[in-house]
Amino acid sequence: MSDDALTKVPEVTLVFWIIKIAATTLGETGGDTVTMTWLHANQNTHHGGYLIGTGIFLTLLAVLVVWQTLAPRFHPFLYWATIVASTTAGTAMADFADRSLGIGYTGGSTLLFLCLMATLGLWYWSLGSISVETVNTPKVEAFYWAAITFSQTLGTALGDWAADTGGLGYEGGALVFGAGLAVLAALYFWTDISRVFLFWAAFILTRPLGATVGDLLDKPVNHGGLDLSRPLASAVIAAFIIGCILLLPQRAGVHPAAVRVTNERGER
């Protein structure tokens, strides 16, 4: 199959979701490592630690998105590095909005939800589809990575809202979001509901699941966490992701237009 028929993102399989959840957990522990462990932003929310962390991660994300966009084809390590960068940027941005700007978890979640809906709406209005199976041009990639970043940031805020404002704690939040993903999986296998809707719903929900698991690992015991070392937890999760990429096969998705052409040729 020619490169033009392939997308710049991986085929959405069980392997994709395993790595995605691990990447979101790494985004939480990695983002907290920089903003809280190294910059001590949690000790003084107004001294600029969250803003500095946001700037660092957004710069890294911008570099990787440009690299990913310029790459002629799908590269697993480049793609997942960009995803991890979006999750760490999302962690820092959500913490900055929730804590440094003082709008709280509810306000931050609402603002980020509106930003994500606006991005997806503009994407659909401009190109007629928000399916990840169409991500093979720079314009579509720009919308894709904008939506990815907002969804990662929204997921962080939702995870914090559920654990804190919602009173569920980190374990309770992880159970709720895990149950939500189980419902989406059931809808995928036993209904004909839009696969595009299910993908974005699952993509959003995996982020707060990863955020609550990450918080469970590294937050203090008196805050409901296990108080593990953030750098060590991040290193272990990163090693797991690298192992998955090396050992579990991934391939680029196929553009729907290429599938239609192939089917039409087979019918002739």
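Biologist: Of the contacts with a separation of 6 or more, what percentage comes from residues 24 or more positions apart?
Modeller: That share is 76% in this protein. Keep in mind that the model is predicted.

Biologist: OK. How many helices and strands are there?
Modeller: The protein has 9 helices and 2 strands.

Biologist: And what pattern do they follow along the sequence?
Modeller: Reading along, you get β-α-α-α-α-α-α-α-α-β-α.

Biologist: New topic. What percentage of the residues is buried?
Modeller: Buried residues are 47% of the 268 residues.

Biologist: Now the helices. At what angle do H1 and H8 pack?
Modeller: The angle is about 150 degrees, and the axes are 9 Å apart. H1 covers residues 14-38, and H8 covers residues 230-247.

Biologist: Is the crossing left-handed or right-handed?
Modeller: H1 crosses H8 in a left-handed way.

Biologist: Which residues make the contact?
Modeller: From H1, they include Ile 18, Ala 22, Leu 26, Thr 29 and Met 36. From H8, among them are Arg 230, Ala 233, Ile 237, Phe 240 and Cys 244.

Biologist: How many of the contact residues are nonpolar, polar and charged?
Modeller: In the contact of H1 with H8, 14 are nonpolar, 6 are polar and 2 are charged.

Note on methods: Residues numbered from 1 in each chain as written. Predicted model: local features only at pLDDT ≥ 70, side-chain atom pairs only at ≥ 80, totals over all residues. Heavy atoms only, no water. Helix = DSSP H or I, 4+ residues; strand = E, 2+ residues; numbered from the N terminus. Buried < 20%, exposed > 50% of the residue type's maximum accessible area, 1.4 Å probe, protein only. Contact = heavy atoms within 4.5 Å. Axes fitted to C-alpha atoms, helices over the stretch in contact; angles between N-to-C directions. Left-handed = near helix turned anticlockwise from the far one by under 90°. Nonpolar A, V, L, I, M, F, W, Y, C, P; charged D, E, K, R; others polar.
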